[in-house]
Amino acid sequence: AHFYELVDVEHLSCLGLQGTEVRDAVAEEYFRFRFASACTKLHIFNLTRFRTVLYLDADAVVTHETATSLFDRQLTSERPLAAAPDPPASSLFNTGVLLLKPSAELFAALLDGLDGGDSYDGADQGYLNGVFSEWYAWSATHRLSPRFNLQQVVSAAHEPTFRHYERQGVAVFQFVGRGKPWLPAHARARPTDGTPTEPHYR
């Protein structure tokens with residue numbers, strides 16, 4: 001059986017974060033449309049009735065049952081997160097797929113940091129990478145193989161790398177950017193009016 005539960009949460013804006021001043025007027029408008037509400041996902045750290053939470057962005061698709069093996073990983077209060085690298089920056093993690101250990105104390109600290117906190121992209125990904133800035137030096141328990149968050153930009157930019165992880169068995173595939181297959185063709189097309197696309201930030 002499948003169980004679904006919808007939980008109403010407070011909107012959390014990313015607009016108070018630092019690191020967004022490089023955007024021009026067009027980019028600012030796009031950012032407010034695309035990323036201003038992205039910090040609402042921080043509520044996942046407050047799901048304390050669960051021992052472990054596996055978070056997926058809405059454009060991430062589970063493609064293999066091995067994704068459930070992630071729940072075997074032992075996270076700690078000191079290192080409460082596991083994630084895959086964000087290509088091409090292997091020292092940064094992508095927040096589209098997160099395995100985490102919820103904590104009310106950590107959630108409160110994350111909320112406190114939203115007002116004036118640092119974020120290289122002005123959104124949740126840059127903010128969480130700043131909070132967990134030593135993630136790249138953590139053990140393999142916390143550094144997921146890209147096959148647990150294989151982004152379509154990899155398939156487009158370097159097919160041999162994509163085929164490598166495909167042979168290993170891709171467990172979660174993420175359709176980062178505009179090219180989401182469930183959108184109509186005109187929504188997937190690159191804009192011609194100068195509006196920046198998602199890679200401008202990610």
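**Notebook: an aromatic cluster and a strand pair**

I began with Phe132, which is buried at a relative accessible area of 8% (buried is under 20%, exposed over 50%, partly exposed in between, with a 1.4 Å probe and protein chains only). Phe132 makes an edge-to-face aromatic pair with Trp138, at 6.1 Å centre to centre and 75° between the planes. For the terms, I noted that rings of Phe, Tyr and Trp (its six-membered ring) pair if their centres lie within 6.5 Å, with planes under 30 degrees apart stacked, over 60 edge-to-face and the rest tilted. Trp138 is buried too, at 7%.

A note on the source: this is a predicted model, where local features need pLDDT of at least 70, side-chain atom pairs count only at pLDDT 80 or more, and totals for chains, interfaces and linings use all residues. Residues are numbered from 1 along each chain as its sequence is written, and side-chain values use heavy atoms, leaving out hydrogens and water.

Next I counted aromatic pairs and got five in the structure. One of them is Phe45 with Phe132, stacked at 6.5 Å centre to centre with 20° between the planes. Phe45 sits in the loop between α1 (25-34) and β1, Phe132 in the loop between α3 (124-131) and β5 (150-151), 87 residues apart. Helices (H or I, at least four residues) and strands (E, at least two) are DSSP runs numbered from the N terminus. Phe45 is buried at 0%, and I see Phe45, Phe132 and Trp138 as one aromatic cluster.

Last, I looked at β1 (residues 53-56): Val53 and Tyr55 make its covered face, Leu54 and Leu56 the uncovered one. Four bridges join β1 antiparallel to β4 (residues 89-100); strands pair if DSSP finds at least two bridges between them. Leu54 has Leu99 in β4 as its bridge partner.
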